[in-house]
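Please look over the chain shown below before reading the points that follow.

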Amino acid sequence: MYIREYRSSDITEILRLFYDTVHTVNAADYSAEQLDAWADGKADPAVWDRSLSEHYSLAAIEDGEIVGFGDIDSSGYLDRLYVHKDHQKRGIASAICDKLEASVRTDQITVHASITAKPFFEKRGYREAKAQEVERKGILLRNYVMIKKM
């Protein structure tokens, strides 16, 4: 596995990975209705490409396929971090996160972690600032604002 910067040509594969991961990995912590609100399979590729292109975004590659991706903005907001459902628990998220965290020069990094991701971020030294309910398409989803001091 190696990690490289995001390319616009990755967007279709990244959107598929995002949808599949949310609907499998996060299914233990969220209802089907919540999963559909979070990832409905209709994400706008142009919107996602613009966002990923504006942030420092990385893709983890194994055997020519994207097995994980993540992005962070210049303020230290870690926006997305997803690993393919078939490649969980292999250090991919940690490797991506290491590079994302090292890329910014801020005194703290903030992430809105899902119920599923919260233990991962706690192990990395992030602390819960607050629990919150976010609304997606009229459906509430619990997540946690977490902060890591740098």
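**Notes on the predicted model**

1. With 150 residues, the chain has a radius of gyration of 15 Å, which agrees with the value near 15 Å for a compact globule. The radius is taken over C-alpha atoms, and the globule rule is 2.2 Å times the number of residues to the power 0.38. Along the principal axes, the C-alpha atoms fill a box of roughly 35 × 35 × 30 Å.

2. Some conventions apply. Residues are numbered from 1 along each chain as its sequence is written, and side-chain values use heavy atoms, with hydrogens and water left out. This is a predicted model, in which local features need pLDDT of at least 70 and side-chain atom pairs count only at pLDDT 80 or more, while totals for chains, interfaces and linings use all residues.

3. Buried residues make up 47% of the 150 in the chain (buried means under 20% relative accessible area, with a 1.4 Å probe and protein chains only). Of the contacts between residues at least 6 apart in sequence, 64% join residues at least 24 apart (contact means heavy atoms within 4.5 Å).

4. The chain has 5 helices and 7 strands, in the sequence pattern β-α-α-α-β-β-β-α-β-α-β-β. Helices (H or I, at least four residues) and strands (E, at least two) are DSSP runs, numbered from the N terminus.

5. The 7 strands form an open sheet of mixed pairing, ordered β1-β2-β3-β4-β5-β7-β6 (two strands pair if DSSP finds at least two bridges between them). At the edges are β1 (2–5) and β6 (127–136), each of which pairs on one side only. From one strand to the next, the twist averages 30°.

6. Strands β4 (residues 77–83) and β5 (residues 108–114) run parallel and are joined by 2 bridges. Leu78 has Val111 in β5 as its bridge partner.

7. Which strands does helix α1 touch? Helix α1 (residues 11–24) packs on the sheet against β3 (65–72) and β4, with its direction at about 90° to that of β3. Helix α3 (residues 45–54) lies across β2 (56–62), β3 and β4, at about 115° to β4. Axes are lines fitted to C-alpha atoms, for helices over the stretch in contact, and angles run from 0 to 180 degrees between N-to-C directions.

8. Asp49 sits in helix α3. Asp49 is buried yet has no salt bridge, and the nearest side chain of opposite charge, Arg50, is 7.3 Å away. A salt bridge is a side-chain nitrogen of Lys or Arg within 4 Å of a carboxyl oxygen of Asp or Glu; Lys and Arg count as positive and Asp and Glu as negative, with His and the chain ends not counted. Leaving aside residues up to four places away in sequence, Asp49 touches Tyr6, Ser8 and Ile11.

Notes
Buried means under 20% relative accessible area, exposed over 50%, partly exposed in between (1.4 Å probe, protein chains only).
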